[in-house]
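Open the model in your viewer and keep the selection tool ready. The tour goes from stop to stop and says what to select at each.

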Amino acid sequence: MFSRILVANRGEIALRIIRAAKTLGIEVVCVYSKADADGPWLKHADQAVCIGEGPSAESYLRSDRIISAAEVTGSDAIHPGYGFLAENANFAEICRDSGFAFIGPSPEAMALLGDKVSCKNLARQAGTPIFPGTEDAIEEMDEAVEMAQLIGYPVIVKAAAGGGGRGMRIARNEEQLRAGVVSAQQEAAAAFGDGRVYVEKFLENARHFEIQCIGDSHGNAVHLFERDCTTQRRHQKLIEEAPAPGVDPERRNEVAHSAAELIRQAKYSGAATVEFLMDRDHNFFMLEVNTRVQVEHPVSELITGVDIVAEQIKVASGAPLSITQEQLAVNGHAIECRINAEDPDRGFMPQAGLIETWRPPGGLGVRLDSHATSGYRIPPNYDSMIGKLIVHGPDRETAIARMKVALDEFEVGPIRTTIPLHRRLMDHPDFVSANFDIHYVERWLDSDSVTAAEA
Ligand code: ADP
């Protein structure tokens, strides 16, 4: 096992990794930017090393400085968290070549699953359900047109190297498709240096469904069941829960098994999430694989009892998975609300500045993963998420009731947060009935007279 790991991240996920490492008796080094010099999580690290200025490009994205910090502190391994360099295969390779274990998959497995075309081809072999569409990147416009005729419009053109929603075009007819292929190719070539695009069926009014998987370097892979992340705004997840309400457990198990099989066939070591869209008839179509720990991992931890971050560290050190599929079962229901320092009444404008009041909730089944405290000044440089409130209960109804109480207790000021929005969502009939799709929050906010009047 490692004796010292370096955390190449900040905020709540840095704190989450510190907690897991300390539980395993491992020392932790944090790197930080000048904007994070007062970051409350740094107090809990054994050592902290400043690696540059506030902008990420000058600190958290500087692999050379991160590697230097690992060298001078005598670290054995590097945990990238999520975001920043977490899904950068080149960084994973630099870590390995510099003699540090990367707490995540090999650069080869990351590249294989990170490329949407090779990932889809592997999924086809593993029996993971995928969208109908072209098998490979299209070479001639005719291939795209013929495929669209076969599967029917609407279709979506997607970049093989895609990420962050770039290089995607929805087409509802042949004219839009021809234009979309050309512009998606150009955008992908400019953004990723790789203009390959493919065409697949576009699914409207879907739910977002994902399977948490973990693999080890001994050829084992398990799944920790699913999460439903349908409550989103502009493709940003707001609420995640497990298990997915209303989904038949047998069908869920089939999809989850196929996702674990995909991870196993990719020779994948570490935590991964296989994302799907689910239609009204509960058919599943794979979107992509995220090759890192996810923001919403705590809901899976609460229903399975597995410490996903500790498991990541253990498998990266070469240990086999400490759990088998047979030992895993779904216990109760968990819900997570992302607490963002944003003003929902002003177009979700990010709120930097001093937190004067911070009174977190507590009680049975309530977990708060946050680096924030009263007196903490939120820097303007990074993501607006300042914490995650997660509740667990024997069933969904109890979890919702606990979340309402916890949100009511939670006081943060004077900066505005998404807490009041979450409190209203807990009473939203579409959330309560789980009769929803990934655009329901946007439709609701657009039609909401209170929000509109104040905006
Ligand atoms: P990226 O890696 O750029 O984020 P994804 O493949 O994850 O791209 O897609 C981003 C979002 O676009 C998805 O969350 C989903 O809402 C939408 N999307 C992608 N593919 C499809 C599809 N075939 N049908 C419907 N929506 C899609």
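Begin with the cysteines: the count of disulfides, meaning pairs of cysteine sulfur atoms within 2.5 Å, comes to zero. A disulfide is a covalent bond between the sulfur atoms of two cysteines. Before selecting anything, note that this is a predicted model, in which local features need pLDDT of at least 70 and side-chain atom pairs count only at pLDDT 80 or more, while totals for chains, interfaces and linings use all residues. Residues are numbered from 1 along each chain as its sequence is written, and side-chain values use heavy atoms, with hydrogens and water left out.

Select Cys 50 and Cys 30. The closest cysteine sulfur to that of Cys 50 is in Cys 30, 13 Å away, which is too far for a bond. Cys 50 is partly exposed, at 35% relative accessibility; buried means under 20% relative accessible area, exposed over 50%, and partly exposed in between (1.4 Å probe, protein chains only). Next select Cys 229, which is in no disulfide either: its nearest cysteine sulfur belongs to Cys 337 and is 12 Å away. Cys 229 is buried, at 0% relative accessibility.

Now turn to the aromatic rings. The whole structure holds eleven aromatic pairs. Rings of Phe, Tyr and Trp (its six-membered ring) pair if their centres lie within 6.5 Å; planes under 30 degrees apart count as stacked, over 60 as edge-to-face and the rest as tilted.

Select Phe 131 and Phe 285. Their pair is stacked, with 4.9 Å from centre to centre and 15 degrees between the planes. Phe 131 lies in the loop between α5 (116-126) and α6 (141-151) and Phe 285 in strand β13 (residues 284-290), so the pair ties together parts that are 154 residues apart in sequence. Helices (H or I, at least four residues) and strands (E, at least two) are DSSP runs, numbered from the N terminus. Phe 131 is buried at 4% relative accessible area, and Phe 285 is buried at 16%.

Move to Phe 276 and Phe 284. Their ring centres are 6.3 Å apart and their planes are at 80 degrees, so this pair is edge-to-face. Both Phe 276 and Phe 284 are buried.

For the last stop, select Asp 369 in strand β19 (residues 366-369). Is Asp 369 buried or exposed? Asp 369 is buried, with a relative accessible area of 4%. Leaving out residues up to four places away in sequence, Asp 369 touches (heavy atoms within 4.5 Å) several residues, including Glu 12, Arg 16 and Lys 388.
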